[in-house]
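Subject: Model for your review

Dear colleague,

I am handing over the structure below, and I would be grateful if you would look through it alongside my notes.

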Amino acid sequence: MTKNEINGVALVTGGGSGIGRASALQLAAKGASVVVADLNQQGIDETVALIQAQGHEALGIKLDVSDPQSVDNAFALTNDWRGSCDILVNCAGILVVQPLLDFPLDAWNRLMAINLTGTFLCSQRAARDMVKKRYGRIINMASISGSRAGVGRVAYGTSKAAISGLTRQLALELGAYGITANAIAPGAIVTAMTEAAYTDVTRAKLLPMIPAGHLGEADDIASAVCYLASPQAKYVNGHTLAVDGGYLATGMTQTGNLELK
Ligand code: NAP
């Protein structure tokens, strides 16, 4: 893909860090006008500065995806800046890891409000403008935790499984308007969200389960975001794309006396 293959306005939630930041940078490099929307003002400022250093303009907006008024405000500011949002990348999210038996209800509610309801609110708001233009791209962040249970991930994994379901629903109800909705299920990607979790001990246990043999980078996910955001992806709709080094494809790595080399 070369520069200018992605036109229009891309709003990236969670754009102040990790996968959202990498997506914002790649989208800007390929020609999109990027809105960096996040709860974290310092993260927003850093991402906007990185995009400007690439020689592109970007707009930073403070946004709480779990608050409908804040979502409305972010889209109103986007529309004032460059016309309405053509590409929505829902990257804002949080991770809470606690055992099922002790999982606090307030943590469950907060996580669902950000990861799931936030994705719904931003998608619904974006779609209301996209249907008028009969064009749009919605890209949601699911996770391998939405397909495989992980210890302590009762709320996180459930929210991510629901994001794949929400994505199918968006695809069905918006497809006739020239809008596609897809999700990406990242594997183990080192970001601010996960770096503390990937200790040497965890990596040693995880790596044999990843055929690629290494953890992923935010740019690996951003590349998939750019494909799904492109006009060329017009017939991909309702799909959750695993970008996980083969983790979800893997079952037994040894059987009888035959062992994977
Ligand atoms: P990250 O580096 O922590 O970035 C997430 C960003 O979202 C942060 O800037 C965070 O701000 C922001 N945010 C949190 N709550 C928000 C809210 N209510 N409204 C707006 N922004 C909010 O995490 P990441 O690893 O890039 O993750 C991005 C997405 O990918 C998430 O949905 C995550 O679940 C998903 N994912 C990540 C991985 C992985 O291995 N990293 C794997 C699978 C899926 P604060 O800094 O203030 O919290």
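This is a predicted model: local features need pLDDT of at least 70, side-chain atom pairs count only at pLDDT 80 or more; totals for chains, interfaces and linings use all residues.

Residues are numbered from 1 along each chain as its sequence is written, and side-chain values use heavy atoms, with hydrogens and water left out.

The sheet is open and has seven strands in the order S3-S2-S1-S4-S5-S6-S7, with parallel pairing (strands are DSSP runs of E with at least two residues, helices are runs of H or I with at least four, and both are numbered from the N terminus; two strands pair if DSSP finds at least two bridges between them). Strand S3 (58–62) and strand S7 (240–243) stand at the edges with a single partner strand each, so one side of each is left without a neighbour in the sheet. From one strand to the next, the twist averages 20° (axes are lines fitted to C-alpha atoms, for helices over the stretch in contact, and angles run from 0 to 180 degrees between N-to-C directions).

Strand S1 (residues 9–13) is joined in parallel to strand S2 (residues 33–38) by five bridges, with Val9 opposite Ser33 in S2. S1 is also joined to S4 by four bridges, again in parallel, and here Leu11 stands opposite Leu88 in S4. S4 in turn pairs with S5 over four bridges in the parallel sense, where Leu88 stands opposite Ile138. Ile87 and Val89 point one way from S4, while Leu88 and Asn90 point the other way, and all are buried (under 20% relative accessible area, with exposed over 50% and partly exposed in between, using a 1.4 Å probe and protein chains only).

Turning to the helices, H4 (residues 105–133) packs on the sheet and touches S1, S4 (87–90), S5 (136–141) and S6 (179–186), contact meaning heavy atoms within 4.5 Å. The axes of H4 and H5 come within 9 Å and cross at roughly 15°, which makes H4 roughly parallel to H5 (angles under 35 degrees count as roughly parallel, over 145 as roughly antiparallel, 65 to 115 as roughly perpendicular and the rest as oblique). Among the residues making this contact are Met112 of H4 and Ala162 of H5; Ala162 and Met112 are 50 residues apart in sequence and 9.7 Å apart in space, C-alpha to C-alpha. Ala162 counts as partly exposed because its relative accessibility is 28%.
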